[in-house]
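Colleague: I have a few questions about how the labels on this model were reached. Could we go through them together?

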Amino acid sequence: MNSVVIGLGAALPKKIICNNDLPESLNTSDEWIVQRTGIRQRHVASEDETTSSLSVEASRKAMAMAGISADDIDLIIVGTVTGDYTFPATATIVQRELGVKNAAAFDVSAACSGFIYGLDLADARLKLGRSKCALVIGAETFSRLVDWTDRSTCVLFGDGAGAMLLRGENSQNGIQSCLIHSDGTGIEYLKTSGGVSTTKTVGFVQMKGQEVFRAAIEKFNESLKELLLQNNMTIEDIDLIIPHQANSRIIEKLIMLSGIKREKVLITVDKHANTSAASIPLAMSELGCEIFRKKNIVLLSMGAGFTWGAALIKF
Ligand code: ACO
């Protein structure tokens with residue numbers, strides 16, 4: 001039994017903030033941001049757009065692509081750290097809005113690796129036959145978690161959602177392998193300044209940029225090697241890498257260290273900025289049905305914790 005991708009969908013808030021639209025008080029510039037990060041713009045949620053509403057929009061598109069109804073879905077996982085409420089899980093709100101009656105629905109908190117963590121769990125349940133059709137979503141409204149007076153973090157993030165539908169099928173295609181890891185000694189480098197059981201607030205994003213930068217390069221590289229080894233493959237066998245979209249310089253390093261051809265690496269950070277758990281499924285959805293023409297696709301993630309992970313999908 002394999003977990004086969006049958007649908008993809010994405011949703012972005014209508015409002016776009018380009019680098020030049022950022023408030024003057026931030027004392028930043030388009031030149032600085034583009035040079036250091038590759039980011040040119042970010043989508044920012046309006047009051048009526050939430051992590052769940054973006055998730056629902058992305059999910060409906062994935063369902064339309066797969067040609068399935070709400071009755072077919074029996075597992076919903078949302079990777080997010082910016083859920084609508086502290087509880088219940090955003091996945092249960094998505095379940096209600098989609099009208100999915102018989103499913104388990106829960107959120108995964110693994111920061112920018114939330115989608116890959118969700119994918120790993122869904123893959124395991126589908127392969128065991130414990131779920132038949134899984135909706136895995138990465139969704140964030142990070143614009144609500146940044147301090148808009150802190151130029152070293154607020155310019156980096158954006159909002160959005162990406163959804164993937166997977167079905168357990170007797171097929172050679174689908175998820176070939178998935179790996180997830182974490183190292184809690186990295187928590188101080190990227191975290192919020194508060195939380196329910198500490199400050200009783202949500203807090204703002206705090207980051208030691210250079211340490212995160214170095215760790216992201218190291219973990220991308222490590223997980224790619226691990227994935228290739230697991231599947232007895234070389235980098236030439238890979239048709240496309242979709243890395244977490246945090247910073248184009250991190251992705252450039254990945255290209256250099258792995259030896260992958262540049263045209264085989266998808267980059268969307270210029271348009272979306274860093275959308276945390278949403279970034280990989282958002283980037284995947286950019287390809288639309290073209291994705292089904294690629295053979296071996298690698299997904300790579302790295303986020304706060306640190307958490308990291310990778311997946312190899314065959315189409
Ligand atoms: N505009 C202008 N100047 C800025 C800005 C800004 N937006 N932000 C910081 N600066 C200034 C700093 O104040 C500092 O000034 P100083 O030298 O006078 O003190 C100077 O730029 C250099 O600051 P650094 O933090 O050393 O800049 P660096 O070259 O490391 O770039 C950056 C910062 C882009 C955050 C980089 O460290 C990075 O990309 N880190 C990766 C982190 C990342 O992408 N995180 C996303 C979340 S994690 C993830 O998704 C994996």
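Colleague: Where is the place of F306?

Modeller: Happy to start there, with the reminder that this is a predicted model. F306 sits in the loop between β12 and β13 (307-314).

Colleague: What makes the bond that joins G305 and F306 a cis peptide bond?

Modeller: Its omega is about 0°. The bond that joins F87 and P88 is also cis, with omega about 5°. P88 belongs to the loop between β4 (75-79) and α3.

Colleague: What does Q95 touch, not counting residues up to four places away in sequence?

Modeller: On that count, Q95 touches I76, V100, K101, A103 and A105.

Colleague: Which value of phi does A111 have, and why is A111 called buried or exposed?

Modeller: The phi of A111 is positive, about 50°, and A111 is not a glycine. Most residues other than glycine have a negative phi. At 12% relative accessibility, A111 falls under the 20% limit and so counts as buried. A111 is in the loop between β5 (104-108) and α4 (114-128).

Colleague: Which residues of helix α7 are buried, and how do you know which part of the helix they line?

Modeller: In α7 (residues 248-258), the buried ones are S248, I250, I251, L254, I255 and S258. Seen down the axis of α7, they fall within an arc of 155°, so they line one face of the helix. An α-helix has 3.6 residues a turn, so residues three or four places apart point the same way.

Colleague: What covers those buried residues of α7, and what is found at the start of α7?

Modeller: The cover includes α1 (30-37), α6 (209-230), β11 (240-243), α8 (269-272) and β12 (296-303). At the start of α7, a side-chain oxygen of N247 comes to within 2.7 Å of the backbone nitrogen of R249. After α7 comes G259, with a positive phi near 80°.

Colleague: How many residues surround the ligand, and what makes up the shell by class?

Modeller: There are 22 residues around the ligand, and T28, R36, Q210, H244 and N247 are the closest. By class, the shell has 11 nonpolar, 8 polar and 3 charged residues. Its largest share, 4 residues, comes from α6.

Colleague: Which ligand atom lies 2.6 Å from a polar side-chain atom of T28?

Modeller: A nitrogen atom of the ligand does. With R36, an oxygen atom of the ligand is 2.5 Å from an N or O atom of the side chain. For the side chain of N274, the distance from an N or O atom to a ligand oxygen is 2.9 Å. The protein covers 74% of the 1000 Å² of accessible area that the ligand has on its own.

Conventions: Residues numbered from 1 in each chain as written. Predicted model: local features only at pLDDT ≥ 70, side-chain atom pairs only at ≥ 80, totals over all residues. Heavy atoms only, no water. Buried < 20%, exposed > 50% of the residue type's maximum accessible area, 1.4 Å probe, protein only. Helix = DSSP H or I, 4+ residues; strand = E, 2+ residues; numbered from the N terminus. Arc of directions from axis to C-beta. Contact = heavy atoms within 4.5 Å. Polar contact = N/O pair within 3.5 Å; in protein donor to acceptor, adjacent residues only side chain to side chain. Near = heavy atom within 4 Å. Areas by Shrake-Rupley, 256 points an atom, 1.4 Å probe, with all protein chains shown as cover. Nonpolar A, V, L, I, M, F, W, Y, C, P; charged D, E, K, R; others polar.
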